[in-house]
Amino acid sequence: METGDRYEPYRLIDPDGVAVEAVAVYFQELLAAGKAPSTVRSYGMDLLRWWRFLQAVDVSWDRATRLEARDFSCWIQETVKPRKDRVPSTRSVRGAGAPNPVTGKPSTGLGYAPTTVAHSETVLRRFYEVHRDAGTGPLLNPFPLDLSRRSGRAHAHHNPMDGWRPQRVGRYRPTLPRRIPRSIPEEWFNELFAALPSNRDRALVAFWISTGVRASELIGIRQRDVDPGQQLISVVRKGSRAVQLVPASADAFVWLRLYQQDVHDRVRAAAPSRCGGHGETRSDP
């Protein structure tokens with residue numbers, strides 16, 4: 001449940017309408033680590049699924065064992081994801097859907113995506129780690145690490161010039177397929193760009209393609225965040241919330257200027273200026 005409070009943006013509510021204290025403590029840990037409210041909500045959805053599963057099997061969160069964690073990991077990979085616009089099906093969800101023949105984007109299918117399953121395992125493992133360290137949870141993490149799933153000795157052939165990659169793998173974490181970068185043929189992109197109805201949409205797409213920033217980061221920019229002289233825009237990064245300068249293409253600034261001129265012309269036509277102190281209006285801008 002969203003609260004609107006910046007210090008407690010989200011709460012997990014039990015069936016009696018009371019906030020779950022264990023999850024509230026974990027949310028405070030996330031906020032103290034500088035996580036964004038959207039991250040808290042994302043982690044909360046993983047915990048909500050776990051809480052509903054525990055309620056179905058009639059097990060308290062602090063009494064959960066690796067048996068419940070194993071069953072939950074099997075359930076989330078096989079279940080049909082609930083959607084408001086579709087009646088859930090009882091058939092298996094493995095292999096449902098095919099990649100888009102143009103962009104190569106995989107179909108969502110009927111179940112949870114492998115990335116969602118992996119994210120859920122990570123969130124639940126860290127949740128129990130926080131309460132284990134605080135002495136408020138079980139001593140044995142229901143979602144443990146599994147060092148045997150490494151392909152070999154950790155960092156056996158590490159290049160000193162490269163950074164250190166994490167080697168910890170959860171026991172119930174699924175193996176994610178290696179994806180190739182998604183793309184769209186140039187002729188399809190030109191057709192898409194020509195079909196955009198306004199200069200505003202063309203400017204947004206041009207900035208999005210040339211900068212590579214997230215759509216949420218791009219929509220949040222203001223007029224003062226645009227520097228046409230150096231062809232830079234300032235965006236607030238999702239994770240760190242830091243302001244970063246990002247280079248953009250010259251065409252994007254051209255479409256932005258055309259959109260600004262459209263807005264300026266509409267404002268001048270809709271709101272004639274006042275002259276003098278007597279309240280007269282004049283029709284000429």
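In which hand does α1 pass α2 in their crossing? The crossing of α1 and α2 is right-handed; a crossing is called right-handed if the near helix is turned clockwise from the far one by less than a right angle, and left-handed if anticlockwise. The structure is a predicted model, in which local features need pLDDT of at least 70 and side-chain atom pairs count only at pLDDT 80 or more, while totals for chains, interfaces and linings use all residues. Residues are numbered from 1 along each chain as its sequence is written, and side-chain values use heavy atoms, with hydrogens and water left out.

Helices and strands were taken as DSSP runs numbered from the N terminus (H or I, at least four residues, for helices; E, at least two, for strands). Helix α1 covers residues 21–32 and helix α2 covers residues 37–57. Their axes lie 11 Å apart, and the packing angle is about 155 degrees; axes are lines fitted to C-alpha atoms, for helices over the stretch in contact, and angles run from 0 to 180 degrees between N-to-C directions. The two helices α1 and α2 are therefore roughly antiparallel. Angles under 35 degrees count as roughly parallel, over 145 as roughly antiparallel, 65 to 115 as roughly perpendicular, and the rest as oblique. In α1, the residues that meet α2 are Val 23, Tyr 26, Phe 27, Leu 30 and Leu 31. Their counterparts in α2 are Val 40, Tyr 43, Gly 44, Leu 47 and Trp 51, where contact means heavy atoms within 4.5 Å.

Helix α2 also packs against helix α4 (residues 114–134), with axes that come within 9 Å and cross at roughly 80 degrees. The pair α2 and α4 is therefore roughly perpendicular. On the α2 side, the contacts include Tyr 43, Leu 47, Trp 50 and Trp 51. On the α4 side, they include His 119, Val 123, Phe 127 and Tyr 128.

Two strands were treated as paired if DSSP finds at least two bridges between them. Strand β1 (residues 2–5) and strand β2 (residues 8–10) run antiparallel and are joined by 2 bridges. Glu 2 has Tyr 10 in β2 as its bridge partner, and a hairpin of 2 residues connects β1 to β2.

An open sheet is formed by 3 strands in the order β3-β4-β5, with antiparallel pairing. Because β3 and β5 stand at the edges with a single partner strand each, one side of each has no neighbour in the sheet. Strand β3 (residues 226–227) is joined to β4 by 2 bridges, and Asp 227 stands opposite Leu 232 in β4. The hairpin of β3 and β4 has 4 residues between the strands, and Gln 231 in this turn has a positive phi of about 55 degrees. The hairpin of β4 and β5 has 6 residues between the strands, and Arg 241 takes a positive phi near 60 degrees. Strand β4 is mostly covered, as 4 of its 5 residues are buried. Buried means under 20% relative accessible area, exposed over 50%, and partly exposed in between (1.4 Å probe, protein chains only).

The whole structure holds 10 salt bridges, each defined by a side-chain nitrogen of Lys or Arg within 4 Å of a carboxyl oxygen of Asp or Glu. In one of them, Glu 217 pairs with Arg 237, and the closest N and O atoms are 2.8 Å apart. This pair links distant parts of the chain, 20 residues apart: Glu 217 lies in helix α7 (residues 215–219), and Arg 237 lies in the loop between β4 (232–236) and β5 (243–247). Glu 217 is buried at a relative accessible area of 5%, whereas Arg 237 is partly exposed at 22%. Arg 200 forms a salt bridge with Asp 201, with 3.3 Å between the closest N and O atoms; Arg 200 is partly exposed, with a relative accessible area of 41%. Asp 225 and Arg 222 also meet in a salt bridge, at 3.2 Å from N to O. In this pair, Asp 225 is buried at 12%, and Arg 222 is partly exposed at 45%.
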